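Please go through the model shown below together with the text that follows it. The text starts from the surface and the fold and then turns to individual elements and residues.

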Amino acid sequence: RRTAAQAAREEQVRRSTVTQPQRPPTAVSAPHVAAVDVVVAAATLGQRTLREAADILGDDLDAAAARLARHTALPSSYFSPSFVPSTALSPEQIRAWAFQTLAARGADDAAVTDILVRVVANRTLDDISKSVESACVAPHRSGRASADVLRDLVAAVCQKGEEALPPGFVNERLVASACLPPERLRGVVATALVAPEVRAEDDYYAAQETRDREANRLRSR
C-alpha cells in the first residue's frame with residue numbers, strides 16, 4: 001500500500017516527461033529516482049554507446065531505441081548500437097530514459113543496487129566517490145560531496161569486512177571488489193551509495209506532504 005509521501009513523489013515525477021523521470025502507471029514496482037541517478041552518474045551512462053548503456057540497464061537494443069525516440073524528435077532508426085546518448089539528449093532526458101527503462105522492467109531499489117555493484121566493480125573508492133558526486137549534490141538529495149561519499153565508503157568497507165582490516169588498509173586507493181565477497185560488496189554499495197540518496201528523496205517528499213497538509217489546514221479554517 002502506497003504511503004502519502006510515495007504518492008506525492010510519484011505525482012511530482014508524473015508532471016513532467018522530460019525534466020523528471022516518470023514512473024509508468026503499469027509498473028508493478030519502480031526504483032527511487034535517486035537510486036537511478038546514482039547509477040547514471042557512476043556509469044557515465046550518457047557517454048556510453050547505446051549497446052553498452054542498454055547492457056548496463058539490462059535492456060533490449062530495439063526497446064532502448066524506441067524509448068530514446070520518445071524523448072527526442074528523432075526516429076528510432078537514428079539510435080544505432082554505436083550511438084552515444086549525450087550527443088542528442090540532455091542530462092535530464094538521459095535520467096528519464098534510464099528511469100523509464102528500469103521501471104518498465106519492474107526493477108526496484110534492490111535491482112538497481114545490483115546494477116550499481118557491477119558498475120563500480122574493479123574501481124577504487126576514490127574513483128567511485130567522485131563519479132557519484134553529481135547525483136548526491138542534486139536537488140532533493142543528500143548533498144554529500146565526494147569527500148563525504150568517500151568517508152561513507154571507507155566506513156562501510158570496514159563494517160562489512162569479514163574480519164578486522166589492518167590500520168590504514170582501507171583508503172581511497174582500495175578496490176573494494178578485490179577484498180570483499182560479492183554479498184558484502186553489495187552491502188557496501190547499498191549502505192554508502194544508495195541508501196543515503198533514497199532517504200533524502202523520501203525525506204523531501206515527506207516534508208512536502210507535511211507542508212501541504214499544514215497549508216490545507218490553514219485554508220480550511
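**Surface, fold and local detail**

The chain has an accessible surface of about 11100 Å², and 51% of that area belongs to carbon and sulfur atoms. Accessible areas come from the Shrake-Rupley method with a 1.4 Å probe, and for residues only the protein chains shown count as cover. The model is predicted: local features need pLDDT of at least 70, side-chain atom pairs count only at pLDDT 80 or more, and totals for chains, interfaces and linings use all residues. Residues are numbered from 1 along each chain as its sequence is written, and side-chain values use heavy atoms, with hydrogens and water left out.

The secondary structure consists of nine helices and zero strands, where helices (H or I, at least four residues) and strands (E, at least two) are DSSP runs numbered from the N terminus. Read from the N terminus, the order of elements is α-α-α-α-α-α-α-α-α. Of the 221 residues in the chain, 43% count as buried; buried means under 20% relative accessible area, exposed over 50%, and partly exposed in between, with a 1.4 Å probe and protein chains only. Among contacts (heavy atoms within 4.5 Å) with a separation of 6 or more, 69% are between residues 24 or more positions apart.

Helix 3 spans residues 50–57, and its buried residues are Leu50, Ala53, Ala54, Ile56 and Leu57. They lie on the same side of helix 3 because they cover an arc of only 160° around the axis; the arc is that of the directions from the helix axis to the C-beta atoms. The cover over these buried residues of helix 3 includes helix 4 (61–70), helix 5 (91–104) and helix 6 (109–120). Just after helix 3 comes Gly58, with a positive phi of about 70°.

Which residues other than glycine have a positive phi? Most residues other than glycine have a negative phi. Thr44, which is not a glycine, has a positive phi of about 40°. Thr44 sits in the loop between helix 2 (33–42) and helix 3, and at 39% relative accessibility it counts as partly exposed. His140 is another residue other than glycine with a positive phi, near 70°. The loop between helix 7 and helix 8 (146–160) holds His140, which is partly exposed with a relative accessible area of 28%.

Glu201 is part of helix 9. Is Glu201 buried or exposed? Glu201 is buried, with a relative accessible area of 1%. Glu201 and Arg141 are 60 residues apart in sequence, while their C-alpha atoms are 5.8 Å apart in space.

The structure holds one cavity of 30 Å³ or more. On a 1 Å grid over the protein atoms alone, a cavity is a set of points where a 1.4 Å probe fits but cannot get out, and lining residues have an atom within 4 Å of a point. Grid points are joined across faces, edges and corners, and a volume is the space filled by probe spheres set on the points. The largest cavity contains about 60 Å³ of space. It is lined by 13 residues, of which Val120, Leu125, Ile128, Ala176 and Leu185 are the closest to its centre. Helix 7 (125–136) and helix 9 (182–219) each supply at least two residues of this lining, and helix 9 gives the most, with four residues. By class, the lining of the largest cavity has 10 nonpolar residues, two polar and one charged. Here Ala, Val, Leu, Ile, Met, Phe, Trp, Tyr, Cys and Pro count as nonpolar, Asp, Glu, Lys and Arg as charged, and the others, Gly among them, as polar.

Methods: On a 1 Å grid over the protein atoms alone, a cavity is a set of points where a 1.4 Å probe fits but cannot get out, and a pocket is an open set with protein on both sides within 12 Å along at least five of seven lines; lining residues have an atom within 4 Å of a point.
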